[in-house]
Amino acid sequence: MAENGEEKLIAVARHIAKTLGHTDTMTDDILQIFSSFDNRLREKLTDDQPTSCASLERTLKSLHRQISRYVSTEHPIWSDSADSATFLDSIDELIATIREWNPMATDKSVSASLDKAEDLLQQAMFRLEDEFKTLMQRAAESLDLTRYQNGEPAANLNYSSDSEEAEDDSEIPVAHPVTDYDILIDALPAGTVSDLHEIARRMVAAGYGKECSHAYSACRREFLEESLSRLGLQKLSIDEVQKMQWTELEDEIEKWVKAVNVALRILFPSERRLCDRVFFGFNSVSDLSFMEVSRGSTIQLLNFADAVAISSRAPERLFKVLDVYEALRDLMPEFELLFMDQYCVLLRNEALTIWRRLGEAIRGIFMELENLIRRDPAKTPVPGGGLHPITRYVMNYLRAACRSRISLEQVFEESASAVDYRGEVDDRVLSSSPLAVQMAWTMELLESNLEAKSKIYKDSALLAVFMMNNERYIVQKVKDSELGLLLGDDWIRKHASKVKQYHINYQRSSWSKVLAALKIDNNAMSPTGASRSLKEKLKLFNSYFEEICKTQSTWIIFDEQLKEDLKNSVAGILSPAYRNFVGRLQSSHDTGRHVERHIKFSVEDVEARITELFQGNNGSGGGRK
């Protein structure tokens, strides 16, 4: 009875070892584990193992007949499900046989038989690889991305080519825009995926995982490359991108932004899922396959972004460079998720490096803007003291830039040395964000440049008008944009006070001598002398007033409210003084009834002439935009 129980135990042990040996663990290893528990069990288990390779030869001959029949056939094996199942079963048996006999490979006869078995396995693997490729190629027709929205086909959306009459079959159509990225593409039918998985499972088990991965990636890589072409993206080297005209590059950037979003949000996730399904249970092979599939397209996308980052840093390029920067920034979570394994980590790190390089390029563009302001020459004065083109350019530029305030704040926060050379900026601005410091510093340079330009004006009143116009424009552009939120109320009040100071300087420079002419001398003098003095002062007033009105009628105040305020303030100080002076003149006994001959302007005339100031010369130099 005990002997019978022992035989049953040995039979069970051998059955378990053989079953597990066909999957994950070598049968011999398991037998050794079992035998380690009892020397008697070791003897029983090892006594029954084959001692010659006769049975191995018989098995291999049978497998050779079965496998060779399929290896040599010209038609696809997977065209018939029965054939494919039989072929896979034969391969399973071959792999199991090799595993079972490998522990006895030290025996020369067994080793020779195993060499034949490996040759047969290699032939089977080559044929499996061919079948794998055939299945991929038949199923992987290029997919119209825009036919899918929320996972549902939309038949009314198709690829279009530039010419409806084009008959060139080689032309790759261009996809309509994709607006919904919540899509995963089933690029291959479920049945094909299942067949590919069964093939992959055998190839990995036989030690041909890399060959299977290469076969897979060769087919899917072509699909990805064609998909990017359909999205309008050209294959351009970094050198080619740098040599492009800016208008052409702008168009390419727009295409790139759309393509990179489709790639990272639709194409790559779909490929990742397909890899995981085909190579289910073999993570390392799946990761390797995805890397090989996506590497070329990823490098193509990143190289373009890198070329933009290292290209010219002309200020007009800021907004398109920001588009590229923001696109990569927003897609970094996708890069982190998709390229997290050992094979793809370099691609993820490269994406992060190029994104940071784009940030450096943006900071470099602002430095170039600073250089542009510094280099703008102070040669020709703006007619009528109107707005200087550099003021309009810089303020509109900064205002437009602040529409991307969040991105720019991120860019400048990455630069730890942003405030190192900003010593002249207000302390309250320095305590705020690095972007606020940058904006304030740029406007500080602009104001210094304008002050240098103002020195060209020989007339101090016109100099004040020029500075008043430009400072007013700066303040207004800050107040009605994101710049105001960035720089704060203190900055606005400080610079608004500068406008008031220029206003005061203008009045003092223009009207002080006019008001001085109207000043009545109350020192004791004879009536005749007083009358003569009044007449002389009136002549001076008439001369000064006429000259100023003639000159300043061509001057420019671009802001209507500022213009009215300026005229009212002039009238407010001049009209009362002139009215008082005329009244004093009329009451003079010596002038008598001939007084009207000396009064060239009535008070109403003076006020009317003041309203004609700052009309400009045919609208030159002062239009506000």
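Reply: Start with the largest nonpolar core: it has 172 residues, and Phe-132, Met-439, Tyr-506 and Phe-541 touch the most other members. A nonpolar core here is a set of buried Ala, Val, Leu, Ile, Met, Phe, Trp, Tyr and Cys residues joined through side-chain atoms within 4.5 Å. Helix H10 (residues 246–278) supplies the largest share of this core, with 15 residues. Before going on, note that this is a predicted model, where local features need pLDDT of at least 70 and side-chain atom pairs count only at pLDDT 80 or more, while totals for chains, interfaces and linings use all residues. Residues are numbered from 1 along each chain as its sequence is written, and side-chain values use heavy atoms, with hydrogens and water left out.

Now pick out Phe-541. Not counting residues up to four places away in sequence, Phe-541 touches Val-514, Ala-517, Leu-518, Glu-546, Leu-574, Tyr-578, Phe-601 and Val-606 (contact means heavy atoms within 4.5 Å).

Stepping back, the protein has 22 helices and two strands; these are DSSP runs numbered from the N terminus, helices being H or I with at least four residues and strands E with at least two. Of its 625 residues, 47% are buried, meaning under 20% relative accessible area, against over 50% for exposed and in between for partly exposed (1.4 Å probe, protein chains only). Among contacts with a separation of 6 or more, 78% join residues 24 or more positions apart.

Helix H12 (residues 318–338) packs against H15 at an angle of about 80°, their axes 11 Å apart; axes are lines fitted to C-alpha atoms over the stretch in contact, with angles from 0 to 180 degrees between N-to-C directions. So H12 is roughly perpendicular to H15, as angles of 65 to 115 degrees count as such. From H12 come Leu-322, Tyr-325, Glu-326 and Arg-329, and from H15 come Ser-407, Leu-408, Gln-410 and Val-411.

Ser-404 sits in the loop between helix H14 (389–401) and helix H15 (405–413). Its relative accessible area is 17%, so Ser-404 is buried. Apart from neighbours within four places in sequence, Ser-404 contacts Leu-322 and Glu-326, both also part of the H12 side of that helix contact.

Last stop: Asp-186, in the loop between strand E2 (152–153) and helix H7 (190–205). Asp-186 and Leu-274 are 88 residues apart in sequence, yet 7.8 Å apart in space, C-alpha to C-alpha. Beyond four places in sequence, Asp-186 touches Arg-273 and Arg-277.

Note on methods:
Angles under 35 degrees count as roughly parallel, over 145 as roughly antiparallel, 65 to 115 as roughly perpendicular and the rest as oblique.
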